[in-house]
Amino acid sequence: MSSPWFLRLMVVTFVAQFISSAIRPLITYESLAAGAGAMQVGFITAAFAVLALVAAIPLGKAVDRRGETGFLVLGGILVCATLLSLLAPSSLLLLGVCSAFLGLGHLVLVIASQTLIAKGSQPERRETRFATLTTVNAVAQIVAPAMTGLLVGDVASSHDELATHVPNSHLVVTIAAGMAVIATLSAISLRRWPGALARRSVPDAPPGRGSFAAVLRLPAVPAAILASLTVLTSIDLLGAYLPVYGQQHGISARTVGLLLATEGVAAIVVRIWMLRLITRFSRRRVLVGTMTLAAISLAGLPFLSLLDTPEPALFAVMVLAGLGLGIGQPATMAWVAAQTPVHLRGTAVSIRLSGNRLGQIVVPISVGALAGGLGLAAAFWCPAVLLLVSAGLILRTPRDRPSIVRTRRASRRLPHLKAKEGKLSD
């Protein structure tokens, strides 16, 4: 945070994640109020990724060619416009369209900010800054759903009693729109007064036509994309279907918001220790272990409805889920950046995010269809299975080149050794 440009970038990052975490549960409640079932909720959740999937690769290449700060401004403006559209009377079609454009604006901000860190940071600072970025995101994931839950309050537990509009939804949208304006102003300041960013070296080689295939041929990048996809879609499904779970079992929106906030707190805790865990166990083992923990937590969640008072057990499961899902995003961000040449990092970030968005389309639609036919438990069991499959495939990836952070720390602890690559590989 000592770099002024990085501090301003974290303002943009916090607001982008805050808006996503606050508005997406609200869209779920608005969809239920408009008469949506589990399948329709799945489609509206998937709409968040539709435009983003189409635009991800071209956006990544454009960011590599034209720079990141202008796209930060563009993303902020797009998010502001989408939030203003949500103030109109709700319908399933409008909610789906707004979800899609909110996802596009969020993607623009994410690609630009992650590329800025990947290109603007020294290698020894990159992993720490990605961890900081995802910790800021986790703080937003705590505050935002808790705010939405507190403002919305109680919701009806039966479909026939649902109101035609969610209480205080306009207040939630207005707060989010105000924060989007702040993020846009911060992005404008980065573009007009870049500070130390203006002095960074520019790569000689621009991204070429074969950049997409070149990135996918890099070691461990497909595995990182797979891990990122399964972790992110699991978080999305938890945020989308926990409100449905709460409505079916008489749990208030306030409690659901606190449950999602608890998951965010646990994610922050595990991210604080992420570098030490990777140093001690390797990135591969940490990813496999945490994804397995998240899978067990999600698989057990539907059984908690059998308890007379499930809330205490739900909070415990959210802690375990947060610990399991917290490392996937920062670890894969740094993984991809470390394996990719500087002039291809915007493209690599966009490919990783494109995989995320593909998962955010296919998985929610598939899970929504299964939940509509098999019951709500399928919405939690499906991501649990995907996490286990992904963890198994990660175990089979070839070893990466040594992590800079791990090498440096190992060298400090054992200065008489020269830290051979084979023993320090991730």
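Author: Helices here are DSSP runs of H or I with at least four residues, strands are runs of E with at least two, and the numbering starts from the N terminus. You're looking at a predicted model, where local features need pLDDT of at least 70 and side-chain atom pairs count only at pLDDT 80 or more, while totals for chains, interfaces and linings use all residues. Residues are numbered from 1 along each chain as its sequence is written, and side-chain values use heavy atoms, with hydrogens and water left out.

Reader: How far apart are the end C-alpha atoms of helix 8?

Author: Helix 8 covers residues 221–248, which is 28 residues. At 1.5 Å a residue, that should span 40 Å, and the model agrees, with the end C-alpha atoms apart by 40 Å.

Reader: Where does helix 8 bend?

Author: A bend at a residue is the angle between axes fitted to the seven residues ending there and the seven starting there. In helix 8 that angle is about 30 degrees, and a proline, Pro243, follows within four residues of the bend, which is at Tyr241.

Reader: How many residues of helix 8 are buried?

Author: Buried means under 20% relative accessible area, exposed means over 50%, and partly exposed is in between (1.4 Å probe, protein chains only). Helix 8 is largely enclosed by the rest of the structure, because the buried count among its 28 residues is 25.

Reader: What secondary structure does the protein chain have?

Author: Buried residues make up 58% of the 426 residues in the chain. As for secondary structure, the chain has zero strands and 17 helices.

Reader: Where does helix 2 bend?

Author: Helix 2 runs over residues 38–66. Its 29 residues should span 42 Å at 1.5 Å each, which agrees with end C-alpha atoms 42 Å apart. After the helix comes Gly67, with a positive phi near 100 degrees. The bend is about 50 degrees, with Pro58 following within four residues, and it sits at Ala56.

Reader: Which residues does Leu51 touch, not counting those up to four places away in sequence?

Author: Leu51 is in helix 2, and it counts as partly exposed because its relative accessible area is 29%. Arg357 is 306 residues away in sequence, yet the two C-alpha atoms are 8.9 Å apart. Contact means heavy atoms within 4.5 Å. With that cut-off, Leu51 touches Ala100, Phe101 and Leu104.

Reader: Is Ser186 buried or exposed?

Author: Ser186 lies in helix 6, residues 169–192, and touches Arg8, Val11 and Val12, leaving aside residues up to four places away in sequence. Its relative accessibility is 9%, so Ser186 counts as buried.

Reader: What separates the C-alpha atoms of Arg191 and Leu72?

Author: Arg191 is also in helix 6, and beyond its neighbours within four places in sequence, it is in contact with Thr69 and Gly70. Leu72 is 119 residues from Arg191 along the chain, and their C-alpha atoms are separated by 8.6 Å.

Reader: At what angle do helix 10 and helix 11 pack?

Author: Two packed helices are described by the angle between their axes and the distance between the axes. Axes are lines fitted to C-alpha atoms, for helices over the stretch in contact, and angles run from 0 to 180 degrees between N-to-C directions. For helix 10 (residues 274–281) and helix 11 (residues 283–300), the axes are 7 Å apart and the angle is about 115 degrees.

Reader: Which residues of helix 11 do Leu277, Ile278 and Phe281 meet?

Author: Those three belong to helix 10. Their partners in helix 11 are Arg283, Arg285 and Val286.

Reader: What is the phi of Ser282?

Author: Ser282 is in the loop between helix 10 and helix 11, and it is buried because its relative accessible area is 6%. Most residues other than glycine have a negative phi. Ser282 is not a glycine, but its phi is positive, about 90 degrees.

Reader: How many residues of helix 13 are buried?

Author: Helix 13 has twelve residues, 328–339, which should span 16 Å at 1.5 Å a residue; its end C-alpha atoms are 17 Å apart, which agrees. Its buried residues include Met333 and Trp335. Helix 13 is mostly covered, and of its twelve residues the buried ones number eleven.

Conventions:
Expected span 1.5 Å × (residues − 1).
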